[in-house]
Amino acid sequence: MLPYQVQCSEGHGFDGWLASAESFDTPAPRGLLACPESDPETLTQIIGHLFVGKGYRCEVLLGAKCGRQFWVNLDLQPTFDDQGRPDGFVAIQTEVTSAKALEDRLKATTTSLRSAGELARLGSWEIDLRARTVTWSRELKEMLGRPSEGEDMIESLAAYAEEDQAHVQ
């Protein structure tokens, strides 16, 4: 694997990797193009795994040659020469930019709701029917005097007045 740098017509520079020097002459760019905002640790992990012949899967921010940035779910698997040495890789990329944007919006909304709940002293809870657990928000845990933020559904009935427990159950 050989590191290289490219620059688009708008002056955006990107780091990339090629399987060999011959790959540089192919008509279509076949290297990974990392934009300046790509997580350096993730890029280091990718290179490190490929150099030792191990596959790697991650989500990473990449850049197109024109400078457009996009998120991909990246699955890299090494290829080997006749002696069993890594000599390249196969990459499967699925663009997940829209999903990442929705994820970011969901995180922001969740943070806003938590902040509003703290300010208004409103509590909330979540019930996981499969795990049969209840998770209380910090505010509700304090208001109800619960021992922890998560507990078994049956144990959580103690938060209700005794005469209401049968209805809740």
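**Note on the predicted model**

1. Four residues of helix α1 are buried: T42, L43, I46 and L50. Buried here means under 20% relative accessible area, exposed means over 50% and partly exposed lies in between, with a 1.4 Å probe and protein chains only. Viewed down the axis of α1, the buried residues fall within an arc of 100°, so they line one face of the helix. The arc is that of the directions from the helix axis to the C-beta atoms. An α-helix has 3.6 residues a turn, so residues three or four places apart point the same way. On the face of α1 turned away from the buried side are the exposed residues P40 and T44.

2. On the basis of the note: this is a predicted model, in which local features need pLDDT of at least 70 and side-chain atom pairs count only at pLDDT 80 or more, while totals for chains, interfaces and linings use all residues. Residues are numbered from 1 along each chain as its sequence is written, and side-chain values use heavy atoms, with hydrogens and water left out.

3. The chain as a whole has 5 helices and 8 strands. Helices (H or I, at least four residues) and strands (E, at least two) are DSSP runs, numbered from the N terminus. Along the sequence the pattern is β-β-α-β-β-β-α-β-β-α-β-α-α. The chain has 169 residues, of which 28% count as buried.

4. Helix α1 covers residues 40–51, which is 12 residues. From its first C-alpha to its last, α1 reaches 16 Å, close to the 16 Å expected at 1.5 Å a residue; the expected span is 1.5 Å times one less than the number of residues. Just after α1, G53 takes a positive phi of about 80°.

5. Strands β3, β4 and β5 make an open sheet in the order β3-β4-β5, and the pairing is antiparallel. Two strands pair if DSSP finds at least two bridges between them. At the edges are β3 (56–63) and β5 (86–95), each of which pairs on one side only. From one strand to the next the twist averages 40°. For such angles, axes are lines fitted to C-alpha atoms, for helices over the stretch in contact, and angles run from 0 to 180 degrees between N-to-C directions.

6. How many bridges join the strands of this sheet? Between β3 and β4 (residues 69–80) there are 8, and between β4 and β5 there are 9. R57 has D75 in β4 as its bridge partner. The hairpin of β4 and β5 has 5 residues between the strands, and G84 in this hairpin takes a positive phi near 85°.

7. V72 is worth a look in strand β4. Its relative accessibility is 2%, so V72 counts as buried. The bridge partner of V72 in β5 is E95. These two residues, V72 and E95, are 23 residues apart in sequence and 4.3 Å apart in space, C-alpha to C-alpha.

8. What does the charged end of K100 sit over? The ring of W71, at 4.4 Å from its centre. A charge sits over a ring if NZ of Lys or CZ of Arg is within 6 Å of the ring centre and within 35 degrees of the ring normal.

9. A further open sheet has 3 strands in the order β6-β7-β8, with antiparallel pairing. Strands β6 and β8 (150–152) stand at its edges with a single partner strand each, so one side of each has no neighbour in the sheet. Neighbouring strands of this sheet are turned by 20° against each other on average, direction ignored. Strands β6 and β7 run antiparallel and are joined by 4 bridges. D128 stands opposite T133 in β7.

10. Most residues other than glycine have a negative phi, and most peptide bonds are trans. R121 is not a glycine, yet has a positive phi of about 60°. R121 is found in the loop between α2 (97–120) and β6 (125–128), and is partly exposed at a relative accessible area of 45%. R132 also has a positive phi of about 60° without being a glycine. R132 lies in the loop between β6 and β7 (133–136), and is partly exposed with a relative accessible area of 42%.
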